[in-house]
Amino acid sequence: MKKEPAKRQSLKNSSKKSAKPWEFKYRKKILELRRVCNIAFDKDLIDTHSGNISMGIDKDLLITKTGRSLVNLKQQDFTVVPITRPKKGDKKYNDCSDNGASSEIDIHRFILKSFPNSTVLHSHPLDAVVLSLHTGYGFIKPPDIKTPRISTSSFNKIEKLYKEYPGLSEITPLDFESAYFFPKIYVFPLNLINDIKTKNLMADFEAREIFKENGVFMIKSHGSFAWGKTPLDALRWTMMLEASAKIILKYLSF
Ligand SMILES: [Zn+2]
């Protein structure tokens with residue numbers, strides 16, 4: 001009779017031993033991310049094993065591991081790495097692909113550098129992906145929104161980016177709500193994304209040049225990256241992008 005509590009205690013200890021300190025520290029954050037990813041799955045924004053999500057927490061980057069399903073996320077589906085990639089020679093440098101983090105980690109870092117302590121959600125919204133392949137709707141006049149969320153200096157930098165990356169294009173929302181928040185949603189070609197990953201951008205460009213606060217952009221024929229102050233915000237912008245894409249596609253089918 002006396003051995004039973006001891007046995008229980010040792011199991012408790014061994015589970016504590018195997019858990020990493022951040023798993024307790026970020027338990028609530030993981031629950032928030034899990035909730036948002038489950039909604040994204042229910043809304044067809046991701047399939048069982050696509051997408052990734054991260055949260056910048058001061059100097060930590062909490063991010064899903066590569067190949068993990070975002071459905072019912074658990075602590076073991078995440079890893080924590082430095083928000084800034086350590087340089088070779090740094091004692092925190094890990095050559096083993098960032099502790100198994102998502103292969104899109106460099107895009108997450110690129111966004112979080114401009115928007116610290118935010119959430120980044122990468123998903124594959126179907127209609128937005130279709131629209132990223134479409135170039136024939138530029139003749140439709142978008143709503144006249146007089147509250148641009150992009151500064152003039154950002155416009156200049158984006159102009160330069162267009163010169164270096166002719167494959168860069170944009171989705172112009174036709175519905176008032178989306179256009180209010182995002183007058184343009186940029187569609188990045190693959191070579192621009194690869195250059196972000198290898199830190200080899202052909203123009204001086206940071207994520208903050210796209211939008212001042214929250215935001216979303218597309219990768220052509222692939223999916224979206226949305227960022228927000230909270231996980232729910234990142235989901236909100238993804239859903240807004242998809243809703244806007246649906247409206248444009250329906251409009252084009254008349
Ligand atoms: Zn993807």
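Start by selecting strand β8: 6 of its 6 residues are buried, so the rest of the structure largely encloses this strand. Buried here means that 20 or more other C-beta atoms lie within 10 Å of a residue's own, while 12 or fewer makes it exposed and anything in between partly exposed, with C-beta atoms placed from the backbone. Helices (H or I, at least four residues) and strands (E, at least two) are DSSP runs, numbered from the N terminus.

Before you click further, know that this is a predicted model: local features need pLDDT of at least 70, side-chain atom pairs count only at pLDDT 80 or more, and totals for chains, interfaces and linings use all residues. Residue numbers start from 1 along each chain as its sequence is written.

**Stop 1: the neighbours of β8**

β7 and β8 run antiparallel and are joined by 5 bridges; two strands pair if DSSP finds at least two bridges between them. Val-216 sits opposite Ala-226 in β8. The two strands make a hairpin with 3 residues between them, and Ser-221 in the turn has a positive phi of about 60°.

Look for Thr-119, whose bridge partner in β8 is Gly-228.

**Stop 2: the whole sheet**

Select every strand. You get an open sheet of 8 strands in the order β3-β2-β1-β4-β8-β7-β6-β5, with mixed pairing. At the edges are β3 (78-82) and β5 (169-171), each pairing on one side only. On average, neighbouring strands are turned by 25° against each other, direction ignored. For this, axes are lines fitted to C-alpha atoms, for helices over the stretch in contact, and angles run from 0 to 180 degrees between N-to-C directions.

Zoom in on β1 (residues 52-57) and β2 (residues 60-64), an antiparallel pair with 4 bridges. Ile-57 faces Asp-60 in β2. Then pick Asp-58, in the loop between β1 and β2.

**Stop 3: helix α10**

Select residues 231-252. This helix, α10, lies across β4 (119-123), β5, β6 (185-188), β7 (215-219) and β8 (223-228), at about 140° to β8. Contact means that the C-beta atoms of two residues, placed from the backbone, lie within 7 Å. How many Å should the 22 residues of α10 span? At 1.5 Å a residue the answer is 32 Å, and the end C-alpha atoms are 32 Å apart, which agrees; the expected span is 1.5 Å times one less than the number of residues. Colour its buried residues, among them Trp-237, Leu-241 and Ile-248.

**Stop 4**

Go to Asn-38 in helix α3 (residues 27-42). Leaving out residues up to four places away in sequence, Asn-38 touches Val-71 and Asn-72. Asn-38 and Val-71 are 33 residues apart in sequence, yet 5.5 Å apart in space, C-alpha to C-alpha. Asn-38 counts as partly exposed because it has 15 C-beta neighbours inside 10 Å.

Next comes Asp-44, in the loop between α3 and β1, with a positive phi near 65°.

**Last stop: confidence**

Colour by pLDDT, the predictor's confidence in each residue, from 0 to 100. The chain's mean is 86, and 83% of its residues reach 70 or more. Over residues 1-15 pLDDT stays under 50, and the model has 0 contacts there beyond four places in sequence.
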